[in-house]
Amino acid sequence: MRAFWDALAANIHRLTLAEWIQIISAIGAVTAAVAAASAARSGRGAARTAAKQLPELQKQVEINAAQAKVADEQVVLAQEMLKAASAAAREAARARTDERAPLVVALLEAPQWPPLVDATRDRMPYGNELRLLDHRSVAQAEAASPARLFARDGERHQLLWFQTRGVLINEGTTTARVRLDDEAQFVEATAARRERLLRPGEVARFEWGAGHTIAEWADAREKPEPPNPLGACFLTITVFDSFEHGIFDHIHVVMSGRPIVPVDDSFDEVRLASRESEAEMGVTVFPTRRTYRSDGSRRDPLPWDSTYAAWWRQNGRRTAERA
């Protein structure tokens, strides 16, 4: 390299422009080669260092992964603990509410026999019509008789309805407000026949009327499967208190049976069952369903929804449920 520079110094005055360009290019190439060699040496050194560090890095990655897994498990555990604590607090609040809430129990008699037939009605009354238990409505109906036959295309549109009575007893420690459905009313004459206060230990008598057309009762006998809601009548009694964080109770009642039977095993003609036992009429009171105001509003399935679900899917949810 020293000889090159000596020769260049001795002949520098003889160099042409092209030769100067070649010399400069050569110097640049040498410089680049030297830099590349240096970089290569540095790269080899870094590679050797990285190779030495790789096991440590892998070990650190594994440690970090294990720590992340532990952290995730701790988060899940904390969420479960929070859920359990929330549930415990909610149950404690409900228990305190239950201690001061009214507790209304419903007891009902068997439907009165024989039922009534109203030739002026072809369905249960709407909200703005004369109520079924109004004395004028009862007066225009007559007791049904097994001797009367109903042809398939005859007078089966008439309403055949039952009366039943029951009592409501407040077994709780606070006053309850009780509300009855439209076709039920309290027996005692009050301004509000379907709503009243029930103090602790107090008993209130009520009555309920409901039914279907003769054609619908006949359909329930002729087509019992899937379970046919045309052979059932439904009532809901609502109980609530005056506390801000109180309760809503719903007492659901079903009156069901098959009072219409075929004549000579043919449904071309039908009649009322000769005996009450043949009609299979009965009343079922379902366990009270309690809703806490602190839980917010919700829409739970009615207790008979699953029983009649198949029939409603096939035929639509008809006015049978209003009865």
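Student: Is helix H4 mostly covered or mostly open?

Tutor: Mostly covered. This is a predicted model, and in it 7 of the 9 residues of H4, which spans residues 214–222, are buried.

Student: Which residues of H4 are buried?

Tutor: Ile214, Glu216, Trp217, Ala218, Asp219, Ala220 and Arg221.

Student: OK, switching to phenylalanine 240. Where does it lie?

Tutor: Phenylalanine 240 lies in strand S10, residues 232–240.

Student: And why does phenylalanine 240 count as buried?

Tutor: Because its relative accessibility is 12%, and the cut-off for buried is under 20%.

Student: What is phenylalanine 240 in contact with, leaving aside neighbours within four places in sequence?

Tutor: Ala176, Arg177, Arg179, Glu195, Ile247, Phe248 and Arg293.

Student: How about leucine 197, what separates its C-alpha atom from that of phenylalanine 240?

Tutor: The two C-alpha atoms are 9.9 Å apart, and the residues are 43 apart along the chain.

Student: New topic: histidine 252. Which strand is it found in, and is it buried or exposed?

Tutor: Histidine 252 is in strand S11, residues 247–256. It's buried, with a relative accessible area of 5%.

Student: What does the side chain of histidine 252 make a polar contact with?

Tutor: The side chain of threonine 236, at 3.1 Å.

Student: Which residues does histidine 252 touch, not counting those up to four places away in sequence?

Tutor: Threonine 236 again, plus Leu235, Thr284, Val285, Phe286, Arg289, Leu302, Pro303 and Trp304.

Key: Residues are numbered from 1 along each chain as its sequence is written. This is a predicted model: local features need pLDDT of at least 70, side-chain atom pairs count only at pLDDT 80 or more; totals for chains, interfaces and linings use all residues. Side-chain values use heavy atoms; hydrogens and water are left out. Buried means under 20% relative accessible area, exposed over 50%, partly exposed in between (1.4 Å probe, protein chains only). Helices (H or I, at least four residues) and strands (E, at least two) are DSSP runs, numbered from the N terminus. Contact means heavy atoms within 4.5 Å. A polar contact is a pair of N or O atoms within 3.5 Å; within protein, one must be able to donate a hydrogen and the other to accept it, and residues adjacent in sequence count only if both atoms are side-chain atoms.
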